[in-house]
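Before turning to the details, please keep the sequence and the model side by side.

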Amino acid sequence: MTDSNDWLQLATTWQAQAIDLPTLQRSTRWHTLRLYALIGVEIAVVLMVWALAIYWQWFKPLPTLWQLWGWLWAVLAPLLTWFNLRARTGSFRASEDSVRGLLELKKTRAEGTLRTIRFGNAVLPYAIALAWLWNLLAVWLYPPKVLGMAAFSGGLLVTVTLLLWLAFCRHRARRERRTIAEVEQWLQELR
Amino acid sequence: MESQALSFNAVLSQHGAAIARVASAFERNPARRDELVQEILLAVWQALPRYRGEASVKTFVLRIAHNRAVEHVLQHQRELAREPLDEAIPDTRASPERQASLQQRSERLLDAVRELPLVQRELVTLALEGLSHEEIGGVLGISVGNVAVRLSRARKQLMAALGETENVVSGEQA
């Protein structure tokens with residue numbers, strides 16, 4: 001048998017793999033429904049935040065700071081929801097580009113993440129120093145009755161949080177480097 | 001115009017099987033395969049309004065399917081390397097004997113395709129779906145000449161893998 005006959009036979013075998021289409025359609029309908037429900041919940045949350053901001057503004061049950069806080073979230077909540085929806089609708093993804101385009105996009109994104117992590121690492125010592133400066137200044141200006149560890153809890157909390165963040169970033173950077181290496185290898189194969 | 005007549009349900013009925021085959025070539029684990037199929041279908045649903053008929057619907061759908069599959073492989077690379085072989089997709093249309101034989105052949109083919117490196121796997125699955133070299137080049141973003149050379153190499157590797165599998169199977173039966 002010739003190669004082309006073999007190939008035709010393989011193509012026939014491949015395309016003869018039967019798929020349970022009704023199950024697939026059912027499952028797709030369920031996923032679509034979940035997607036709409038999630039969008040509904042997100043819009044409901046935004047409306048709730050707006051209602052809360054309006055309530056705080058008109059009835060003033062809390063100090064002015066809370067009103068400002070409410071208005072800040074009234075602006076941020078729809079913005080975050082919009083970004084979230086855009087990300088999910090695939091606008092941030094290259095679904096119609098070629099595989100090569102997608103791989104290049106992946107590589108660019110991973111490189112961007114690495115740059116952000118490097119910038120974060122460079123800023124981290126200054127952030128910790130600033131936190132301690134602020135903490136020491138607060139202790140100096142408003143001395144507590146008992147000068148214990150509690151007085152420095154702010155600086156300690158910021159230091160621990162930032163160090164944990166640093167560990168996470170290191171882990172993330174390793175993953176991004178691995179992704180870049182893999183993508184580069186695949187791009188090489190496509191050249 | 002084709003794009004105006006396109007509805008998601010029509011695309012799902014016509015190309016749902018091709019999408020499921022792409023997913024099964026890139027993911028062995030049944031739960032994650034279902035997840036991948038849903039991701040692809042969601043992406044197709046979102047991309048349909050942007051379809052302008054530049055390529056056939058099949059190419060359009062397979063382009064999205066392959067992009068999603070590559071993303072999926074990138075995300076789950078480590079798990080994919082550890083996965084054991086799973087059950088094959090059953091064929092419910094044929095008679096029991098034919099079904100068994102078809103299923104065995106499908107399983108062998110699917111296993112051999114899954115063993116190919118990613119780029120070769122893409123070339124082979126697109127060619128097995130019946131896409132022309134031009135269409136495959138469009139999906140992958142490479143030239144037609146490049147497709148011809150690489151596909152020929154991938155086909156040889158697939159045939160060799162299948163030959164080995166057949167030898168192993170016949171050896172076991174003997």
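A:K60 is exposed, because 11 other C-beta atoms lie within 10 Å of its own; a residue counts as buried if 20 or more other C-beta atoms lie within 10 Å of its own, as exposed if 12 or fewer do, and as partly exposed in between, with C-beta atoms placed from the backbone. This residue lies in the loop between helix 2 and helix 3 (64-88) of chain A, where helices (H or I, at least four residues) and strands (E, at least two) are DSSP runs numbered from the N terminus. Although A:K60 is not a glycine, it has a positive phi of about 45°. Most residues other than glycine have a negative phi.

This is a predicted model, in which local features need pLDDT of at least 70 and side-chain atom pairs count only at pLDDT 80 or more, while totals for chains, interfaces and linings use all residues. Residues are numbered from 1 along each chain as its sequence is written, and chains are lettered from A and ligands numbered from 1 in the order in which they are written.

Chain A contains 5 helices and 0 strands, and its elements run α-α-α-α-α from the N terminus on. Of its 191 residues, buried ones make up 10%. Among the contacts in chain A between residues at least 6 apart in sequence, 68% join residues at least 24 apart, a contact being a pair of residues whose C-beta atoms, placed from the backbone, lie within 7 Å. Helix 5 of chain A has 38 residues, which at 1.5 Å a residue should span 56 Å, and its end C-alpha atoms are 55 Å apart, which agrees; the expected span is 1.5 Å times one less than the number of residues. In this helix, A:G155, A:E176, A:T179, A:V183 and A:W186 are buried.

Among contacts in chain B between residues at least 6 apart in sequence, 68% join residues at least 24 apart.

Which residues have the most contacts inside the largest nonpolar core? They are B:I19, B:V22, B:A23, B:I40 and B:V61, in a core of 52 residues, where a nonpolar core is a set of buried Ala, Val, Leu, Ile, Met, Phe, Trp, Tyr and Cys residues joined through C-beta atoms within 7 Å. Helix 2 of chain B supplies the largest share of this core, 10 residues. Leaving aside residues up to four places away in sequence, B:I40 touches B:I19, B:A23, B:I64, B:A65 and B:R68.

B:I40 is also one of the buried residues of helix 3 of chain B, which include B:L36, B:V37 and B:Q38. The C-alpha atom of B:L36 is separated by 9.8 Å from that of B:E71, although the two are 35 residues apart along the chain. B:E71 lies in helix 4 of chain B and counts as buried because it has 21 C-beta neighbours inside 10 Å.

In the loop between helix 3 (30-47) and helix 4 (57-82) of chain B lies B:Y51, which counts as partly exposed because it has 19 C-beta neighbours inside 10 Å. B:Y51 and B:L6 are 45 residues apart in sequence and 8.9 Å apart in space, C-alpha to C-alpha. Further along, the buried residues of helix 7 (residues 133-140) of chain B are B:E135, B:I136, B:G138, B:V139 and B:L140, and this helix is followed by B:G141, whose phi is positive, near 80°.

Turning to the interface, 34 residues of chain A are in contact with 42 residues of chain B. The elements that give two or more residues to chain A's side are helix 1 (3-15), helix 2 (21-59), helix 4 (99-141) and helix 5 (153-190). By class, that side has 15 nonpolar, 12 polar and 7 charged residues; Ala, Val, Leu, Ile, Met, Phe, Trp, Tyr, Cys and Pro count as nonpolar, Asp, Glu, Lys and Arg as charged, and the others, Gly among them, as polar.

Helix 2 of chain A packs against helix 2 (residues 8-26) of chain B at an angle of about 95°, with their axes 10 Å apart. That makes the two helices roughly perpendicular.

Conventions
Two residues are in contact if their C-beta atoms, placed from the backbone, lie within 7 Å. Axes are lines fitted to C-alpha atoms, for helices over the stretch in contact, and angles run from 0 to 180 degrees between N-to-C directions. Angles under 35 degrees count as roughly parallel, over 145 as roughly antiparallel, 65 to 115 as roughly perpendicular and the rest as oblique.
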